[in-house]
Amino acid sequence: MNQGIIPTTEAVYKLIQEFNKLPGIGPKSAQRLTYYLLRAPEEQAKLLADALLSVKQKVMLCSICFNVTESNPCRICLSDERDHSQICIVEQPQDILALEHTRIYNGLYHVLHGAISPTEGVGADDIRIKELMNRLQDGSVNEVILATNPNLEGEQTAMYLNKLISPLGIRVTRLARGLPFGTELEYADDVTLTRAIEGRQEF
Ligand SMILES: [Zn+2]
């Protein structure tokens, strides 16, 4: 942080620093949030602190799909109303939020927690691919939808998965190209995402 703007107290400085560590929050926004909370009622600060601790203490990963959940297995994996013959593969839990928002997909999910990226040293063993392959062993899945991001890492990961999965006799599809290349799924709008799911193609 800029040395010229050290605030008056250590507590204030500390909070600015913590906000500044968050993605998308620069020094200016960190200061704005800190001074906002200084003026806000203590109750509001308490609610924020509780919410922060809760996500760390109560939230875990589903042992089947690796989505974030407060009960294991998660509600989607346990639901009788979901189609258990379809699994949609995503990179991050927040991608599920985007896909669920469209209400068009009713199957299950699998969160890889990353994408294969040789340049960043992320290999197939570093993401949840082994766990995915285990899920596909019992023959109950007919279709795997590859919904990795439409960027270089996402495409590499999709190609790798297709090579592993298609020999099992499972239909492998990829989201339609309506999504602009280089974007991330979580930022796609509902209409584009709905079209991408409906227009999914054989890999
Ligand atoms: Zn689950």
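Contact here means heavy atoms within 4.5 Å, and angles run from 0 to 180 degrees between N-to-C directions, with axes fitted to C-alpha atoms, for helices over the stretch in contact. Helices (H or I, at least four residues) and strands (E, at least two) are DSSP runs, numbered from the N terminus. This is a predicted model: local features need pLDDT of at least 70, side-chain atom pairs count only at pLDDT 80 or more, and totals for chains, interfaces and linings use all residues. Residues are numbered from 1 along each chain as its sequence is written, and side-chain values use heavy atoms, leaving out hydrogens and water.

Start with helix H7, residues 152-165: it lies across E3, E5 and E6, at about 170° to E6. Now show the open sheet, whose 5 strands run in the order E4-E3-E5-E6-E7 with mixed pairing; strands pair if DSSP finds at least two bridges between them. At the edges, pairing on one side only, are E4 (107-111) and E7 (201-202). Next pick E5 (143-146) and E6 (171-174), parallel over 4 bridges, and find Val144 opposite Val172.

Now jump to the zinc ion. Cys62, Cys65, Cys74 and Cys77 each coordinate it through SG at 2.3 Å (donors are N, O and S atoms within 2.8 Å of the metal, or 3.2 Å for Na, K and Ca; water is not among the atoms, so sites may look incomplete). The site is tetrahedral, with angles of 104 to 116° among its 4 donor atoms (four donors qualify if all angles lie between 85 and 135 degrees).

Technical notes. Tetrahedral: all angles 85-135°; square planar, octahedral: opposite > 155°, others 65-115°.
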